[in-house]
Amino acid sequence: MNQDLKKLFSPLTILLLVVMAGCSSMKTPATADVAVSKAAVDNAVGAGGAEFAPIEMNAAREKMRLANAAMAAKDYPLAIELANQAQVDAKLAQSKASSAKAQVAADALQEDIRIMREEFNRANALRK
């Protein structure tokens, strides 16, 4: 009887451990995904996303709000999905902001070059 009990107990223990690991791992990835996505939203804000990509930033913020609500409701798969969508929106906003800033810098550089050419042409005209 003792051998039969050990044979039954071992698979049940393994099954219980697998189920417990599965349940606990559902909280950790959702928490990690939400945290990573929040960091992405914060980075996008810091990069000027609100100024240069307001639509994407609003979408990212709204999805983060919904992801946090899903976490509070313990709907971890939905929280992960919304957090991932928020992260994509935030990265897009950050990219648009970086691109817009680069364009502003390029435009300023082009203007400086134009002014330098005018001054160079004036200086050459005075020499002649």
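The model is predicted, so local features need pLDDT of at least 70 and side-chain atom pairs count only at pLDDT 80 or more, while totals for chains, interfaces and linings use all residues. Residues are numbered from 1 along each chain as its sequence is written, and side-chain values use heavy atoms, with hydrogens and water left out. The protein chain has 4 helices and 0 strands, where helices (H or I, at least four residues) and strands (E, at least two) are DSSP runs numbered from the N terminus.

**Whole chain**
- Along the sequence the pattern reads α-α-α-α.
- Of the 128 residues in the protein chain, 22% are buried (under 20% relative accessible area, with exposed over 50% and partly exposed in between; 1.4 Å probe, protein chains only).
- Contact means heavy atoms within 4.5 Å; among contacts between residues at least 6 apart in sequence, 72% join residues at least 24 apart.
- The protein chain exposes about 9,100 Å², and carbon and sulfur atoms supply 65% of this area (Shrake-Rupley method, 1.4 Å probe).

**Helices α3 and α4**
- The axes of α3 and helix α4 (residues 76-127) come within 8 Å and cross at roughly 160 degrees; axes are lines fitted to C-alpha atoms, for helices over the stretch in contact, and angles run from 0 to 180 degrees between N-to-C directions.
- This makes α3 roughly antiparallel to α4 (angles over 145 degrees).
- The α3 side of the contact includes Glu 56, Met 57, Ala 60 and Met 64, and the α4 side includes Leu 82, Asp 89, Ala 93 and Lys 96.
- By type, the residues of the contact divide into 17 nonpolar, 1 polar and 4 charged (Ala, Val, Leu, Ile, Met, Phe, Trp, Tyr, Cys and Pro count as nonpolar, Asp, Glu, Lys and Arg as charged, and the others, Gly among them, as polar).

**Residues in α3**
- Glu 56 lies in helix α3 (residues 54-72) and is buried, with a relative accessible area of 13%.
- Not counting residues up to four places away in sequence, Glu 56 touches Asp 89, Leu 92, Ala 93 and Lys 96.
- Asn 68, also placed in helix α3, is partly exposed at 41% relative accessible area.

**Gly 49 in α2**
- Gly 49 is in helix α2 (residues 49-52) and counts as buried because its relative accessibility is 0%.
- Leaving aside neighbours within four places in sequence, the contacts of Gly 49 are Ala 44, Pro 54, Met 57, Ala 93 and Ala 97.
- Gly 49 and Ser 95 are 46 residues apart along the chain, and their C-alpha atoms are separated by 8.2 Å.

Conventions:
Parallel < 35°, antiparallel > 145°, perpendicular 65-115°, else oblique.
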